[in-house]
Amino acid sequence: QVQLVESGGGLVQAGGSLRLSCAASGRTFSSYTMGWFRQAPGKEREFVAAISWSTSSTYYANSVKGRFTVSRDNAKNTAYLQMNSLKPEDTAVYYCAAGYGGTRDSGFIYWGQGTQVTVSS
């Protein structure tokens with residue numbers, strides 16, 4: 001069992017940066033791929049980024065590639081999403097998830113409660 005708690009969301013102006021953290025409990029954290037998803041009002045949840053258990057592979061949605069960086073520290077049971085050059089269209093609730101990978105919700109087993117990111121223009 002893995003429990004996930006996101007933090008670091010907030011209100012930022014366009015062009016600014018935020019760093020989201022996802023703290024995990026459970027001794028099997030390091031064996032899972034960690035993913036980040038987001039859901040904007042009135043839209044379906046979408047994939048943002050993911051990082052494999054070994055940190056050797058990272059994956060990004062085209063909409064965030066070059067602006068967002070996913071990382072993890074297995075010793076601290078924590079995953080991160082560094083978000084730079086934020087745009088108003090990045091406004092959403094951001095979720096971290098742990099699972100077996102991919103870009104679909106079905107590839108992830110455990111989910112956090114979400115953290116709100118609001119980007120003002």
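Buried, in these notes, means under 20% relative accessible area, exposed over 50%, and partly exposed in between (1.4 Å probe, protein chains only).

I'm working with a predicted model, where local features need pLDDT of at least 70, side-chain atom pairs count only at pLDDT 80 or more, and totals for chains, interfaces and linings use all residues. Residues are numbered from 1 along each chain as its sequence is written, and side-chain values use heavy atoms, with hydrogens and water left out.

**Entry 1, the count.** I looked up salt bridges (a side-chain nitrogen of Lys or Arg within 4 Å of a carboxyl oxygen of Asp or Glu). The rule gives four of them.

I found a salt bridge here, 2.9 Å from N to O. D90 sits in the loop between β8 (78-83) and β9 (92-99) and R38 in strand β4 (residues 33-39), so the pair ties together parts 52 residues apart in sequence. Strands here are DSSP runs (E, at least two residues), numbered from the N terminus. Buried or exposed, I wondered about R38? R38 is buried, at 6% relative accessible area, and D90 is buried too, at 0%.

R67 is in the loop between β6 (58-60) and β7 (68-73), 23 residues from D90. Shared partners join R38, E46, R67 and D90 into one salt-bridge network.

I noted R45 as partly exposed at 29% relative accessibility, and D105 as partly exposed at 30%.

Methods. Helix = DSSP H or I, 4+ residues; strand = E, 2+ residues; numbered from the N terminus.
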